[in-house]
There are 2 protein chains.
Amino acid sequence: MTPLPGSAGDVLTLISAGSATTRSDLAKLTGLARSTISQRVDALIERGLVEETESGESTGGRPPRQLRLHTEEHAFAGVDLGATHCRVALMDISGEVLAECEDGLLIGEGPETVLAHVDQRLDHLLDRVGRPRSALRAIGIGVPGPVEFATGRPNNPPIMPGWNDYPVPEYFDGVEVLVDNDVNVMALGEHRNAFPGASHLLFVKVGTGIGCGIIAEGTLHRGAQGSAGDIGHIRVSGHDDAGCRCGNSACLEAVAGGAAIARRLSELGLSAESGGDVVALVQAGDTQALRLVREAGRLIGEVLAGLVNFFNPEVIVIGGALSRVHEHLLAGIRETVYRRSLPLATHHLSITPSRTGINAAALGAGILAIEHYLSPDNINRIVNA
Amino acid sequence: MTPLPGSAGDVLTLISAGSATTRSDLAKLTGLARSTISQRVDALIERGLVEETESGESTGGRPPRQLRLHTEEHAFAGVDLGATHCRVALMDISGEVLAECEDGLLIGEGPETVLAHVDQRLDHLLDRVGRPRSALRAIGIGVPGPVEFATGRPNNPPIMPGWNDYPVPEYFDGVEVLVDNDVNVMALGEHRNAFPGASHLLFVKVGTGIGCGIIAEGTLHRGAQGSAGDIGHIRVSGHDDAGCRCGNSACLEAVAGGAAIARRLSELGLSAESGGDVVALVQAGDTQALRLVREAGRLIGEVLAGLVNFFNPEVIVIGGALSRVHEHLLAGIRETVYRRSLPLATHHLSITPSRTGINAAALGAGILAIEHYLSPDNINRIVNA
């Protein structure tokens, strides 16, 4: 990867990070010729990406013009598709949420139905904030299953019938679409909103299944095939009799996921079919449910203890449906991680419930779209088009 | 981290990567003013980092001068300190090995004795290639224990008595010293020499203990406290009776490390005290040793199966003393990883013995030193000094 220092994309990065607020800042920081700076800035203004105001601080003479992101011109969308819901956030280029909505929606209705719903919600939200459809530059979508990130196609997603290999980005005309696994966008949303200073963060989603989003050096780690973070099928000890839908046994998800806990509760004669039922029983003070959630925390903690030794994160965030009873889950997780991980790796480790909560996925999907749009390569492509 | 595009460091990166071979290449790639390019290039030539030749291809007129790294001026050293050996490689700025040597040396003699030996070997090697001591710009050192990378101080290393918190870099005058865990520099050496195109690589060292070096997006992943890759203390199932020196039980290292295998062999009445003895027994065709090495491979594979799901590497390299009998170790590792990891993550995964072999640590330590020296920030500091 060869750097191309001094491109329009680099100039925009300096402006959006707040490192340069005037043309002379840019000249000082980059060493570019004044004429080149003017060319770059003018192109960015012409594309509606940057605005230049007169409101600079007076230094005796003419006040210097201030450069900043032009937040009026563009719009971005973050879409969180769950098994049974659809949440859409409309954002400006700075990441500010302009409007949002949530509806019940079954992912199993298939891509055409679900994406038509999303499309209609986008129109609705754009209308609400008074921006034309043409202002929409990029859409990020989080889905509850594995995705080939480069093409935006779901890859054999177990709970998304009809979606396998469906070219999601092609559904939307004239706008870039990025599709990713829900736990990846949750990790991104949580990191950018709640822990922007953490270099290494794990976001663990404990719902029906169990998955993990990985932030390394501030960016999403997807791995060689984009399947990184699939911790639900890591083996836990002492449960070789627990079969898993993946064909193996003793998988973490098969013993500690919301569906597994619900099944064990129903075997005990309680009425529980889903992670939501487990949460309700815990909130009602049922001691069997409490015990099983804490035991699930210990098993999740056993897997995380190994990952703490291996990856050495500074923050582990626990999210997903079961994190609504996070005190019991966290107690089990913390107990095991602090017992089994190396002291050097846990000394400054924080294990915490999600702060972004149910908004993490929609926000993260929107941030994915904005960061892609603002990447120097993409900006250079736009400016040189 | 704010980019400073167009600095002398960026210009040197373009030259050393081979992306720019002339001043006009640099002008085209960076958009810098010609006068700025001249200033940057002249400063790099003055510091002996770049040379400019007349040997360019003729284009009818005057042949353009060619820019390239000046490989005569500087020297770098890679030092591999093991429990019982010291290997030193002297390299030029392009990573070419100029000379190397290896001696027996006990790390337990303590830092003063060991570093005096290294110092003397450096003089000897510099002398051999006819470069003055003042040409030595940076030294990379790999040690068999945890290190606080930022300060170069070993951090409670179990097999390095006298080294805890010792300020290794301060021992050497007038030269930058980078100290890292041996398995980290092995991962770097293996990646740069044998798998430069792999974005995500794990280097697993199976010796007396077991450790892992992690390459993510082509760079070393050290984690939040620099302890990443410490996989020797991850729990394996079914071995809760095996106590570990860390105070826990069922740690991978306590059941599958060279020392653990040797102990089990001596319990069976065989003469084995170390990983080296285990290797000798396997090479002599002892079936008990064969069986235990393959079983160790299965246990290592159990841990790696989880890490493959989590990290999704494209290459896992097996190195360390026991990799000398890698066919038996690899059979066990592969068997378990392919059985326990998700098909998406193993489909393109390659599990392979180290190609760089016993040179991986010294080469990797030298590369660590060179890459640090050539980093844009360091070059800018040198040029602006």
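In the predicted model, a salt bridge (a side-chain nitrogen of Lys or Arg within 4 Å of a carboxyl oxygen of Asp or Glu) joins Arg65(B) to Glu52(B), with 3.8 Å between the closest N and O atoms. The two residues link distant parts of the chain, 13 residues apart: Arg65(B) belongs to the loop between β1 (50-53) and β2 (66-69) of chain B, and Glu52(B) to strand β1 of chain B. Helices (H or I, at least four residues) and strands (E, at least two) are DSSP runs, numbered from the N terminus. Arg65(B) is partly exposed, at a relative accessible area of 39%; buried denotes under 20% relative accessible area, exposed over 50%, and partly exposed the range in between (1.4 Å probe, protein chains only). In chain A, salt bridges with shared partners connect Arg23(A), Asp42(A), Glu52(A) and Arg65(A) into one network.

Residues are numbered from 1 along each chain as its sequence is written, while chains are lettered from A and ligands numbered from 1 in the order in which they are written. As this is a predicted model, local features need pLDDT of at least 70 and side-chain atom pairs count only at pLDDT 80 or more, whereas totals for chains, interfaces and linings use all residues, and side-chain values use heavy atoms, with hydrogens and water left out.

Strand β1 (residues 50-53) of chain A also contains Thr53(A). This threonine, Thr53(A), is buried at a relative accessible area of 16%. Leaving aside residues up to four places away in sequence, Thr53(A) is in contact (heavy atoms within 4.5 Å) with Arg65(A), Gln66(A) and Arg68(A).

Over all chains, the whole structure holds 40 salt bridges. One of them pairs the side chains of Arg222(A) and Asp180(A), at 2.7 Å from N to O. Here too distant parts of the chain are linked, 42 residues apart, with Arg222(A) in the loop between β12 (219-220) and α6 (252-256) of chain A and Asp180(A) in strand β9 of chain A. Arg222(A) is buried, at 17% relative accessible area, and Asp180(A) is likewise buried, at 2%. A further salt bridge, of 2.6 Å from N to O, is formed by Arg245(A) and Glu253(A). In that pair Arg245(A) is exposed, with 58% relative accessibility, whereas Glu253(A) is buried, with 10%.

Chain A contains an open sheet of 5 strands in the order β12-β11-β10-β13-β14, with mixed pairing. The edges are formed by β12 and β14 (350-353) of chain A; each has a single partner strand, so one side of each lacks a neighbour in the sheet. Two strands pair if DSSP finds at least two bridges between them. Within this sheet, strand β10 (residues 200-206) and strand β13 (residues 315-319) of chain A are parallel and share 5 bridges, and Lys205(A) is placed opposite Gly319(A) in β13(A). Helix α5 (residues 182-194) of chain A lies across β10, β11 (210-216), β12 and β13 of chain A, at about 45 degrees to β11(A). Helix α10 (residues 326-340) of chain A lies across β10, β13 and β14 of chain A, at about 165 degrees to β14(A). For these angles, axes are lines fitted to C-alpha atoms, for helices over the stretch in contact, and values run from 0 to 180 degrees between N-to-C directions.

In chain B, strand β4 (residues 85-91) and strand β5 (residues 97-104) run antiparallel and are joined by 7 bridges. Leu90(B) has Ala99(B) as its bridge partner in β5(B). The hairpin of β4(B) and β5(B) has 5 residues between the strands, and Gly95(B) there adopts a positive phi near 95 degrees.

A nonpolar core is a set of buried Ala, Val, Leu, Ile, Met, Phe, Trp, Tyr and Cys residues joined through side-chain atoms within 4.5 Å. The largest comprises 98 residues, and those with the most contacts inside it are Leu26(A), Leu44(A), Ile379(A), Leu26(B), Leu44(B) and Ile379(B). Apart from this core lies another, of 92 residues, including Leu202(A), Leu307(A), Ile351(A) and Leu304(B). Helix α13 (residues 376-383) of chain A has as its buried residues Asn378(A), Ile379(A), Asn380(A), Ile382(A) and Val383(A). Among the elements covering them are α1 (8-16), α3 (34-46), β9 (176-181) and α12 (360-374) of chain A.

Chain B can be superposed on chain A with an RMSD of 0.0 Å by a turn of 180 degrees and a shift of 0.0 Å along the axis, which is the relation of a two-fold axis. The superposition is by least squares on the C-alpha atoms of residues with pLDDT of at least 70 in both copies. Of the interface residues of chain B, 100% are also interface residues in chain A, so the copies meet through the same surface.
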